[in-house]
Amino acid sequence: MEIKNICCIGAGYVGGPTMAVIALKCPHINVYVVDANPEKIKAWNGPLEKLPVFEPGLAEVVGEVRGRNLFFSNDIAGNIEKAEMIFMAVNTPTKTKGEGAGMAADLSFIEACAKDIAKYSKDDKIVIEKSTLPVRTAEKIKEILEENNSNIHFEILSNPEFLAEGTAIQDLFKSDRVLIGGDETESGQNAVQALVDIYANWIPKEKILTTNVWSSELAKLASNAMLAQRISSINSLSALCEKTGANIDELSKAIGMDHRIGSHFLKASVGFGGSCFQKDILNLVYLCKYYGLEEVAEYWHQVVKINDYQKDRFAQKIIDHFGGDLSGKTIGILGWAFKANTNDSRESPAIKVCELLVSYGASLSIYDPMVQNQTIIKDIECFWNIEQSISNNKIDILDNFKDHNNYDAIVILTEWEEFKFIDFNESKIIFDGRNINQNNSTISIGK
Ligand code: NAD
Ligand code: UGA
């Protein structure tokens, strides 16, 4: 099948950057990105310096292709109808109610997409799971599509996304692998080939891996679980380093030099954040339990438990330093994003650590170079269990971080490059959750 028009449903951190890169690398294809949120579409069509997603290099790519063969639109129906290939890149958060609440993935957004695709399609479509989904979701999607439109043929592929925020554009340009899962039928394999042909415009063929649908769906959850497991492993050892005088950075280096282990994802930290690691592992735990694999479920659950422990442990270090009471103390918080080079604060360790500090009486002055003030306020309102009236008077959000001598302590929670160069007064107490500050008086993880 010749692909001339692609529609992507979901203009978020995945839909926006992935479609911008497909449009850049495939000038012969028109790419239409739609979203249920008109404000987001407006922002994607607005000034390049205010796109809804901040990613190094993204504004340049969007600037080149927007209006050429990349279009952000509110017309979900019209763009589904005209596309031969439709990507579903909507959010799949952890369920908050119903069966599996707190563990399973909430598939309501993906189901709504499938219903729209069935409703507005008038000819055969290739439907692609770009969102991260539990293994065997394609079965459910097929059911919805066929139930709501039995006149045409839908071929479902799994094509999970492996980009990391902060390096999304580079990751998309030079993917370690592109994974495409499809049915082993003739039409399934034709659909796989159509998608292979798109990626082959810039990804070397040997890096495009084709599998069956279930392997592809599960490989995404498993990849995130393995990455997060390394962080929890090193973070668990950071606690032992602090008791024994071993140094976690030296330990990471020594372990990572074994080529069988490798050096990536061994940096001890205040814990991993981001919208995906925790939700994907919990989803994996839920799946294991569903299939009766209690021991396997418990093994992976421990990765999330250690992550919670690490965030609590780091906050407790600060609280203990001040004798268990932070009343009257003002603490400068450097970083709210879950990692550097993104404006995303979903599941950021900063949210939990700061909540604990305030619950022990601290006042906070928070600075992040990219996360908007209203996002920080929303995070506090949504995720803190402290009474609003208490937290309101205790939080100041800063537009820059200049007067660092005004604070009783400074806490670094995101590894932004600019924090490495702040010239802290030697006598200032710095708690470094990211091990980036070299100041002698710094209190770091695992040292
Ligand atoms: P996001 O919240 O940034 O974006 C999702 C978008 O989908 C939102 O703008 C929302 O308005 C829109 N949407 C939801 N339901 C819709 C519907 N029925 N019709 C139209 N639009 C709808 O989410 P994200 O971070 O881009 O993640 C999307 C998926 O990709 C998730 O499954 C996630 O696990 C996966 N993923 C994310 C990343 C990442 O770095 N963020 C990386 C790899 C995979
Ligand atoms: C992660 C994966 O790396 C991507 O491959 C995947 O596509 C994505 O999740 C997803 O499915 O959403 P992301 O969460 O954007 O990407 O960023 P990472 O670089 O993986 O960092 C996640 C968290 O782990 C951050 O809080 C980071 O600071 C922390 N981290 C990372 C550490 O604490 N130590 C490390 O060594 C590496």
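In this predicted model, the side chains of Arg313 and Glu242 come together in a salt bridge, with N and O 2.7 Å apart. The pair joins distant parts of the chain, since Arg313 belongs to helix 12 and Glu242 to helix 9, 71 residues apart. How covered are the two partners? Arg313 has 15% relative accessibility and therefore counts as buried, while Glu242, at 24%, counts as partly exposed. As background, side chains of opposite charge can pair when their charged atoms come close.

The salt bridges in this model come to 18. Another of them is formed by Glu161 and Lys130, at 2.9 Å from N to O. Glu161 sits in the loop between strand 6 (154-158) and helix 7 (168-173), and Lys130 in the loop between strand 5 (125-129) and helix 6 (137-148), so this pair ties together parts that are 31 residues apart in sequence. Both Glu161 and Lys130 are buried.

A further bridge links Lys305 with Glu298, whose closest N and O atoms are 3.2 Å apart. Lys305 counts as partly exposed because its relative accessibility is 37%, and Glu298 is partly exposed too, with a relative accessible area of 36%. There is also a network: Glu165, Asp344 and Arg346 are joined by salt bridges that share partners.

Here are the three pairs side by side.

| Salt bridge | N to O distance |
|---|---|
| Arg313 and Glu242 | 2.7 Å |
| Glu161 and Lys130 | 2.9 Å |
| Lys305 and Glu298 | 3.2 Å |

Now let us turn to helix 11. This helix has 14 residues, 277-290, and at 1.5 Å a residue it should span 20 Å; its end C-alpha atoms are 20 Å apart, which agrees. Is helix 11 largely enclosed or largely open? Of its 14 residues, 11 are buried, so the rest of the structure largely encloses it. Among the buried ones are Phe277, Ile281, Leu284 and Cys288, and the list also includes Lys279 and Asp280. What do these buried residues pack against? Their neighbours are helix 9 (213-244) and helix 12 (294-321), and those two helices are the ones that carry Glu242 and Arg313.

Together with Tyr291, Leu293 and Val296, Tyr290 forms a nonpolar patch on the surface, and the four have about 420 Å² of accessible area together. Just after the helix, Gly292 takes a positive phi of about 80 degrees.

The interior is next. In soluble globular proteins, nonpolar side chains tend to be buried together. Here the largest nonpolar core has 51 residues, and Trp336, Leu357 and Leu364 have the most contacts inside it. Elements that give two or more residues to this core include helix 9, helix 12, strand 9 (330-334), strand 10 (363-367) and helix 14 (373-383). Which element gives the most to this core? Helix 13 does, with 7 residues. Apart from this core lies another, of 47 residues, with Ile3, Ala11, Val21 and Trp202 among them.

Terms used: Residues numbered from 1 in each chain as written. Chains lettered and ligands numbered in written order. Predicted model: local features only at pLDDT ≥ 70, side-chain atom pairs only at ≥ 80, totals over all residues. Heavy atoms only, no water. Helix = DSSP H or I, 4+ residues; strand = E, 2+ residues; numbered from the N terminus. Expected span 1.5 Å × (residues − 1). Buried < 20%, exposed > 50% of the residue type's maximum accessible area, 1.4 Å probe, protein only. Contact = heavy atoms within 4.5 Å. Patch = residues over 30% accessible without salt bridge, like charges linked within 9 Å, V, L, I, M, F, W, Y side chains within 5 Å. Areas by Shrake-Rupley, 256 points an atom, 1.4 Å probe, with all protein chains shown as cover. Core = buried A, V, L, I, M, F, W, Y, C linked by side-chain atoms within 4.5 Å.
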